[in-house]
Amino acid sequence: MIGVGGNDWKHYVRRNPHVVKRRIRKGIPDCLRGLVWQLISGSRDLLLMNPGVYETLVIYETSASELEIIRDISRTFPSHIFFQQRHGPGQRSLYNILKAYSVYDRDVGYVQGMGFLAGLLLLYMSEEDAFWLLVALLKGAVHAPMEGLYQAGLPLVQQYLSQFEKLVIELMPKLGQHFVEEMINPSMYASQWFITVFSYSFPFHLTLRVWDVFLYEGIKVVFQVGLALLRLCHDDLVKLPFEKLLYALRNFPEEATDPDVLLPLAFSFKVSSRLEELQKEYQKRQEGTSETSSGERLQPLVSKTMSRVGSRVVSNLTTADRK
């Protein structure tokens with residue numbers, strides 16, 4: 001499918017898109033994962049079109065975020081051996097990528113959640129390759145840009161949480177109503193799902209399988225996996241009061257995070273069209289040009305919580321080691 005160095009990939013995808021999608025959903029072989037991630041994300045093309053740019057950003061440019069990046073490096077995957085050694089090769093490479101991106105896109109700069117994306121990529125490719133894949137994700141080389149997850153006010157996080165809240169109510173009304181009664185909304189448990197694409201606090205083997213599909217199919221996979229987690233634990237969650245419910249939503253049982261169980265259920269949620277509709281509704285509300293009755297009931301919950309939680313969502317990623 002790939003050919004020598006990826007030369008046959010685009011041709012094969014054009015001829016057999018359904019085969020590619022099916023095989024990626026089954027899991028990319030680990031020995032090929034780094035190369036395939038670059039091919040399906042569009043980052044390989046960015047690398048080839050920008051020779052020498054990464055080296056220039058790392059060596060010759062300075063960033064206002066350098067001290068902040070240094071402070072946060074040890075908090076990114078602290079239990080993974082590649083990043084444990086202080087100033088070791090893993091931490092140095094991670095610093096270089098994050099510093100380079102903060103220079104490459106000074107409007108976004110550096111936000112701690114980026115470290116989990118860059119760190120995961122570094123486990124499967126070189127610094128330069130990982131940098132361009134980060135650029136491909138945030139700038140939208142193939143799918144919708146993700147930079148809004150890290151901009152001031154976390155605008156894209158708020159949009160995604162609003163969409164997710166609506167989906168829960170529509171697809172699991174009993175659980176959705178229980179969340180409303182207990183005053184639980186997605187900003188209390190799902191922010192890091194979107195900010196790190198499940199690369200924080202979830203089992204590594206699940207994270208890799210999610211990323212395989214995410215890079216090929218886009219952000220809808222995060223919604224699908226989130227919905228599948230809730231569906232698998234639905235009967236237990238609807239019985240829990242606030243504190244126990246919040247704990248359960250942040251600590252899913254091992255059987256619920258088995259990718260061979262979770263992902264087929266996730267793919268059964270057909271959400272693409274509905275996500276587009278909810279995005280349009282959300283944007284209209286933000287612009288103040290239209291109102292939806294369900295939005296008026298639910299959006300204040302998201303807004304109030306985001307005002308309290310949003311500013312510390314990313315910093316809270318450091319409160320515990322990844323499981």
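Is arginine 75 buried, partly exposed or exposed? I looked it up and found it partly exposed, because its relative accessibility is 35%. For the class names, buried means under 20% relative accessible area, exposed means over 50%, and partly exposed lies in between (1.4 Å probe, protein chains only).

**Ground rules**

I am working with a predicted model, where local features need pLDDT of at least 70, side-chain atom pairs count only at pLDDT 80 or more, and totals for chains, interfaces and linings use all residues. Residues are numbered from 1 along each chain as its sequence is written, and side-chain values use heavy atoms, with hydrogens and water left out.

**Entry 1: salt bridges**

I looked up the salt bridges and found 15 in the structure. The term means a side-chain nitrogen of Lys or Arg within 4 Å of a carboxyl oxygen of Asp or Glu.

I started with arginine 75. Its partner is aspartate 72, and their closest N and O atoms are 3.3 Å apart. Aspartate 72 is buried, because its relative accessible area is 1%.

Next I took glutamate 170. Its side chain meets that of arginine 274 in a salt bridge of 2.5 Å, N to O. Glutamate 170 lies in helix α11 (residues 155–171) and arginine 274 in helix α19 (residues 272–287), so this pair ties together parts that are 104 residues apart in sequence. I noted that helices (H or I, at least four residues) and strands (E, at least two) are DSSP runs, numbered from the N terminus. Glutamate 170 is partly exposed at 38% relative accessibility. Arginine 274 is partly exposed too, at 23%.

Is arginine 209 buried or exposed? It counts as buried, because its relative accessibility is 14%. Aspartate 260 is exposed, with a relative accessible area of 55%.

**Entry 2: a charged patch**

I then looked at surface charge. Asp235, Asp236, Glu254, Glu255 and Asp258 gather in a patch of negative charge on the surface. Patch members have over 30% relative accessible area and no salt bridge; like charges are joined within 9 Å, and nonpolar side chains (Val, Leu, Ile, Met, Phe, Trp, Tyr) within 5 Å. Asp and Glu count as negative, Lys and Arg as positive, while His and the chain ends are not counted. I picked aspartate 235 from the patch. It is in helix α16 (residues 234–237).

I checked the backbone angle phi. Most residues other than glycine have a negative phi. Valine 197 has a positive phi, near 50°. Phenylalanine 198 also has a positive phi, about 60°, although it is not a glycine. Where is valine 197? It lies in the loop between α13 and α14. Phenylalanine 198 lies in the loop between α13 and α14 as well. Valine 197 counts as buried at 0% relative accessibility. Phenylalanine 198 is buried, with a relative accessible area of 1%.

**Entry 3: loops and pairs in space**

I looked up serine 187 in the loop between α12 (173–181) and α13 (191–196). It is buried, because its relative accessible area is 4%. Its side chain and that of asparagine 185 are joined by a polar contact of 2.5 Å. A polar contact is a pair of N or O atoms within 3.5 Å; within protein, one must be able to donate a hydrogen and the other to accept it, and residues adjacent in sequence count only if both atoms are side-chain atoms.

Aspartate 107 is in the loop between α8 (89–104) and α9 (114–122). It is exposed, at 77% relative accessible area. Aspartate 107 and glutamine 151 are 44 residues apart in sequence and 7.9 Å apart in space, C-alpha to C-alpha.

Last, I turned to phenylalanine 82 in helix α7 (residues 81–84). It is partly exposed, with a relative accessible area of 31%. Its C-alpha atom is separated by 9.3 Å from that of glycine 119, 37 residues apart along the chain.

Notes:
Areas by Shrake-Rupley, 256 points an atom, 1.4 Å probe, with all protein chains shown as cover. Charge placed at Lys NZ, Arg CZ, Asp CG, Glu CD.
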